[in-house]
Amino acid sequence: MPYLLTPTSYPLPPTYYLLTTKLRQIIMQTKPQQSVNLDSCPTVATEDDRTGMSQETLRRAFLDNLFYLQGKDRNNASLMDYYYALAYTVRDRLLHRFIKTGRTYHEQKVKVVSYLSAEFLMGRHLANNLLSLEIYDKMEQVLSDLGLDLEELIEQEPDPGLGNGGLGRLAACFLDSLANLEMPATGYGIRYEFGIFRQVLQDGWQGEVPDNWLMYGNPWEIARPEDTVEIGLGGYTEAHHDEKGHYKVCWIPERKVKAIPFDTPVAGYKTNTVNSLRLWKAEASESFNFEAFNAGNYDHAVAEKMSSETISKVLYPNDNTPQGKELRLAQQYFFVAASLQDLIRIHLNLYPDLTNFHERSAIQLNDTHPAVAVAELMRLLIDEYDIYWDQAWDITQKTLAYTNHTLMPEALERWSVHLFGKLLPRHLEIIYELNHRFLEDVRVWFPDDEDLAGELSIIEEGDEKKVRMANLACVGSHAINGVAALHTELLKKDTLKAFARLWSEKFFNKTNGVTPRRWILMSNPKLAELVTEKIGGGWLKDLDQMRGIEKYINDQAFCERWRAIKQENKAHLAAYIKKTRNIDVNVNSIFDVQVKRIHEYKRQHLAVLHIIALYNRIKHNPNIDLVPRTFIFGGKAAPGYFMAKLIIKLINSVADVVNKDPDVRGRIKVVFLPNFSVSLGQKIYPAADLSEQISTAGKEASGTGNMKFAMNGALTIGTLDGANIEIREEAGAENFFLFGLTAEEVYAMKADGYDPMTYFQENAELRGVINRIAKGDLSHGNQKLFKPIVDSLLYHDPYMLLADYQAYSECQDRVGEAYKDQETWTKMSILNSARMGKFSSDRTIKEYCQEIWGVEPVKIDLEAYQ
């Protein structure tokens, strides 16, 4: 039946045994009555459709997945169907490595890092995984042959908003680097049904709508219901003595919630290592009360389901209400307790008890959100596994390490003792006992310093007693680290100075980093191609090699290509701005960019003051010579943070006036791009000329956007704050636009009684700027609209905008002059990119592994799929 050998065309199912041309000829030439000597047939090499990497196999697998998983053929498939078919094709190839990675860790009994974080801002998976597996170009060709555009399919993927900014994106970069470096690791967090809200603009104000990223499902995750655990909440405790006379406590929770894990593979770049991100979903232990339903009480029938599922419903619920506070604490405990139970289950599959738990698990607490792990691990060890207190405490301290991400005391989480005891009664008992023993030691070590004991105490005394989560994390961890050199020094000198006095050996600096795979290779492929052409591709796994392009800064052809790539990136962003905001921007202007979470200390409104100053200059002299600028802002304000939301309104009000004024003649444009995300960042960072890193010195822990901008050739205007200091050291002071007070000067001025009104009265340009806001010129005559901003600046100015304004304005003038000399600007841009090797997250993770976690790389050998 030779017709069976004819390739079938769609819409028929596309699964066949592939035969070589020679084998087909043998069969076609054989008469029906003749038998075929199979020994004489050539061996036919075939690839498995699930793991094969050839172009033909990828094509076949893609079409199979479209037909069998999506239930569509090419006559009725949507772009989303094609995206899912492609995602499953890529995921199949990850799973082979994913399963082998887990099996290798288990068989070799290696020490594994567990990264506990309330946020994981992973970004889109498809393009990243195609690049990691080295099949991006093949898949692009397969799709092109089918009349499909890979970039268009990549855009179909939702960008999960499971984070609010730097904290969650840092966690994602760290998981990428752990896999890239072949380090055994798992990320643990929450599978929020709705991520951080989707930001929309409504008459210039921020509006929040749900981020329903799971609307069409998620092809990258794998549900693991067999690993479900139960989490207790509320209730009470009962004390008793066991048969040996030992004091024991039993926690009787008021309710229990199921935690169901979902695993997402996290692939290393050009390695066989595929680690896991395990996110927990909350469900009710009993999701449906049939008796209540039959009695007609329909709401009560599903009440437990609704209450339990609220825990993983949304990232960072508004905590301005008691209910919101309780939900946030429940969220934190939920994922911590589930993760620790999971780690103990894995450990007991390998070992008879938990006495060596710390030798096989390194748990990193990403900020204070998972700090309750100290009390929960102690509870599990002493209450559930009958380990004596001292040994349990030794295991706990040796297992846990804590990363601090803030210098602002108000940002260090503190929970009321009343709320903590209501939700976690046993944990509060453990914390009180921990604190009692700890302070007894402190008073022995420092007998004449009761103030020190008060500063170190996990419990904050006062009208309302509170549990200090940062203190709990410091006491319960063997290592405490900051995330930039200045940040770590300020932690030791100020925020955590009592702990540094007590345990200086616990403190480490681990300057943050970002992954060059996503932030250069994915975001800026033309630049990555140019660099690879000149120095090879090793820089993607060792970013220090980027210094190899320094020798080309006087190569005219190289510099022209560098500038052309930047212009092309700016043109792409300009097209996006036109499409989404209907604003025309000049691609030859300076793209002056500030994209980050909106907060007063980040000082987006300082940039706005400068824009208004430029506008005032134009109004006073319409023919003034100004280097054209496009000011681009992006970022979300916390829903309950009124001043941040008012700053967004101010930006858009300035844009509304400036962009429409004929006197401006396009020399200034102001754009606010809503719903800043990882995928939007991938469009913005490569297009920026100037990176605004202008936070008040001593307030920003590190920042990572500053690194992404610099890696992509943007020059920085910034203060000596966070990682800016180290970026300036690496790039060279001559390639960085520095302004503003230092952290020491900020502290000194505040101590001397800083008066912002003095700066307002003595600076005519600044006075004109603030008066324009106050008079309502930017708000259709409404003088009340921006009064809170004006009053804050004139009478309080907690973040020293007026003190730094003149230095910032003068520095911006230097930026404009520098941009006129495009040859010199290009060289500065190249040097910024070339010298960012220190800020690869690979370097950061190597330091964590060597100095804090004590883990080693594990080679994954991939055998043929059976």
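Reply: Lys-570 lies over the face of Phe-591, 4.8 Å from the ring centre. A charge sits over a ring if NZ of Lys or CZ of Arg is within 6 Å of the ring centre and within 35 degrees of the ring normal. The model is predicted, so local features need pLDDT of at least 70 and side-chain atom pairs pLDDT 80 or more, while totals for chains, interfaces and linings use all residues. Residues are numbered from 1 along each chain as its sequence is written, and side-chain values use heavy atoms, leaving out hydrogens and water.

Lys-708 has its charged end over the ring of Trp-519, 4.5 Å from the centre.

Rings of Phe, Tyr and Trp (its six-membered ring) pair if their centres lie within 6.5 Å; planes under 30 degrees apart are stacked, over 60 edge-to-face, and the rest tilted. Trp-519 and Tyr-685 are edge-to-face because their planes stand at 90°, with centres 5.4 Å apart. Trp-519 belongs to helix 21 and Tyr-685 to the loop between helix 26 and strand 21, so this pair ties together parts 166 residues apart in sequence. Helices (H or I, at least four residues) and strands (E, at least two) are DSSP runs, numbered from the N terminus. Trp-519 and Tyr-685 are both buried, meaning under 20% relative accessible area (1.4 Å probe, protein chains only).

Tyr-848 and Trp-853 are stacked, at 4.8 Å between centres and 15° between planes. Both are buried. Ring pairs also link Tyr-848 and Trp-853 with Tyr-115 and Phe-174 in a cluster.

Technical notes. Buried < 20%, exposed > 50% of the residue type's maximum accessible area, 1.4 Å probe, protein only.
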